Amino acid sequence: MSIAIDKIRNGIFLSAILLSGCALPESELSNTSYPEKVTHACAPGARIGATGKTDELLTERGLRYFVRTPLNYDNRIAHPLMMVFSPGDRSGLGTEWFTGLTTEGTRQGFVVVYADNRPRQIPALNRPLAKEWILELGTIPALVATQWCIDLDRVFLTGHSNGGTISTALALLEESPLSPAAIAPSAAGFRGEDLNSFACPAPLPVLVMHSRNDKVFPGYGAETMQWWKQCNQCPERVRSLGDNCISYLGCAENVSTVYCEGERRHTVWPERNNRIISLFTGAQ
């Protein structure tokens, strides 16, 4: 296994990690429960995206993404969108298997989208990924909204390693083509000193997940959480949520600001899907 360090510095993003490949079992979609009375945001037939799984879609510059809808998807209702960005060498399909967010995400009414983080012809190992590719990934929600009925004010970002860094970057970069409603980065490659070069966004719900045994980015999660605590104007009061998670209380606009610290290696997804989805549903 080979490892390189993630950074966004001077516009350059380096691949984080080469993960071993494995067979990918099928993920299951769920029905969702729609309210009895809803506003139909899209006219019948105005959005032609298919119900279920749609694979191998491409951004303008060739980044692949994969769309998952509830089994009973209603193309007249504006859905929240959950973007899941990939670690170093995983494809969007590999990330779907790795994170396991499809089943519960679609049950909660999200359209879930998994994305590659580089064009297929660019190997992951030790190859730089320019900031332009991060910004290209930020165009995916608007592309999805041309085919599926999406509420672009309810776009949520998560991902692991590279994917966590991309989620954070798209919330902070001035050039970002989207304004996420909440983010949940895992094992991201941002240190406090990296974040200090960015202006604070408006108070933003955030769940930072990092392991105390992460040898690739040791201590990065705690530094990141301190930055978000200050940006979200949280006092020092905290509440234990159990499972090594704490929530800061009294943050500006009452935004959820949560830090979860695990014990696994960098290469392991933290398996806090319920917390991720709870953050996203609570921020709608």
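Q: Which residues of helix H8 (residues 273-282) are buried?

A: Asn273, Ile276, Ile277, Leu279 and Phe280 are the buried residues of H8. Buried means under 20% relative accessible area, exposed over 50%, and partly exposed in between, with a 1.4 Å probe and protein chains only. Helices (H or I, at least four residues) and strands (E, at least two) are DSSP runs, numbered from the N terminus. This is a predicted model: local features need pLDDT of at least 70, side-chain atom pairs need 80 or more, and totals for chains, interfaces and linings use all residues. Residues are numbered from 1 along each chain as its sequence is written, and side-chain values use heavy atoms, without hydrogens and water.

Q: What covers the buried residues of H8?

A: The cover includes strands E5, E8, E9 and E10 (206-211), together with helices H1 and H2 (102-107). Contact here means heavy atoms within 4.5 Å.

Q: What is the strand order of the open sheet?

A: The order of its 10 strands is E3-E4-E6-E5-E8-E9-E10-E13-E12-E11, with mixed pairing. Two strands pair if DSSP finds at least two bridges between them. E3 (53-58) and E11 are the edge strands, each pairing on one side only.

Q: How many bridges join E5 (residues 79-85) to E6 (residues 111-115)?

A: Five, and the two strands run parallel. Leu81 has Val111 as its bridge partner in E6, and Met82 has Val112. On the other pairing, E4 and E6 are antiparallel over four bridges. There, Tyr65 stands opposite Ala115 of E6.

Q: Which way do the residues of E6 point?

A: In a regular strand the side chains alternate between the two faces of the sheet. From E6, Val111, Val113 and Ala115 point one way, while Val112 and Tyr114 point the other way. All are buried.

Q: How many residues of E8 are buried?

A: Eight of its 11 residues are buried, making E8 mostly covered. E8 pairs with E5 in the parallel sense over six bridges. Thr158 has Ala184 in E9 as its bridge partner.

Q: What is the handedness of the β-α-β crossover from E8 through H5 to E9?

A: A crossover is right-handed if, with the strands pointing away from the viewer, the path from the first strand over the helix to the second runs clockwise. The path from E8 through H5 to E9 is right-handed.

Q: Where is Asn232, and is the residue buried or exposed?

A: Asn232 lies in the loop between helix H7 (220-231) and strand E11 (238-242). Asn232 counts as buried because its relative accessibility is 1%. Its side chain makes a polar contact of 3.1 Å with that of Thr257. A polar contact is a pair of N or O atoms within 3.5 Å; within protein, one must be able to donate a hydrogen and the other to accept it, and residues adjacent in sequence count only if both atoms are side-chain atoms. Not counting residues up to four places away in sequence, Asn232 touches several residues, among them Pro203, Leu204, Val206 and Cys251.
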